[in-house]
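Hi,

Here's the structure I promised to pass on.

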Amino acid sequence: MKRRELASMYFPGKSPREAVRSLLGWIHNCPDLVAALEALGLPYKNRRELTVRQVRIIMEYLGDP
């Protein structure tokens, strides 16, 4: 899934760029989520595509959009 698609699900009223910034802000404000994503060993910060596992972890910590 593209990062902007996921971000737009969480922030439907924002532009894709603003939604991605907001989503990354939420991720960075949750140290447990950051640790879980880093434990996968896959980059998430500068990638446009997220793996299914990354999306599941994000949704587990942030809840359903």
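Predicted model: local features only at pLDDT ≥ 70, side-chain atom pairs only at ≥ 80, totals over all residues.

The buried residues of α4, which runs over residues 52–62, are Gln 54, Val 55, Ile 57 and Ile 58. They span an arc of only 165 degrees around the axis, so they end up on the same side of α4. Turn to the other side of α4 and you'll find Val 52, Arg 53, Arg 56 and Glu 60 exposed. After the helix comes Gly 63, with a positive phi near 90 degrees.

Gln 54 is worth a click. This α4 residue has a relative accessible area of 1%, and since anything under 20% counts as buried, it is buried. Its side chain reaches the backbone nitrogen of Thr 51 at 2.8 Å. Setting aside neighbours within four places in sequence, Gln 54 is in contact with Leu 37, Leu 40, Leu 42, Pro 43, Tyr 44 and Glu 49.

Now the largest nonpolar core. It has 19 residues, and those touching the most other members are Leu 6, Leu 23, Ile 27, Leu 33, Leu 37 and Ile 58. α1, α2, α3 and α4 each give two or more residues to this core, with α2 giving the most, at five. As for Leu 23, leaving out neighbours within four places in sequence, its contacts are Arg 3, Leu 6, Ala 7, Tyr 10, Phe 11 and Leu 62.

Cheers

Terms used. Residues numbered from 1 in each chain as written. Heavy atoms only, no water. Buried < 20%, exposed > 50% of the residue type's maximum accessible area, 1.4 Å probe, protein only. Helix = DSSP H or I, 4+ residues; strand = E, 2+ residues; numbered from the N terminus. Arc of directions from axis to C-beta. Core = buried A, V, L, I, M, F, W, Y, C linked by side-chain atoms within 4.5 Å. Contact = heavy atoms within 4.5 Å. Polar contact = N/O pair within 3.5 Å; in protein donor to acceptor, adjacent residues only side chain to side chain.
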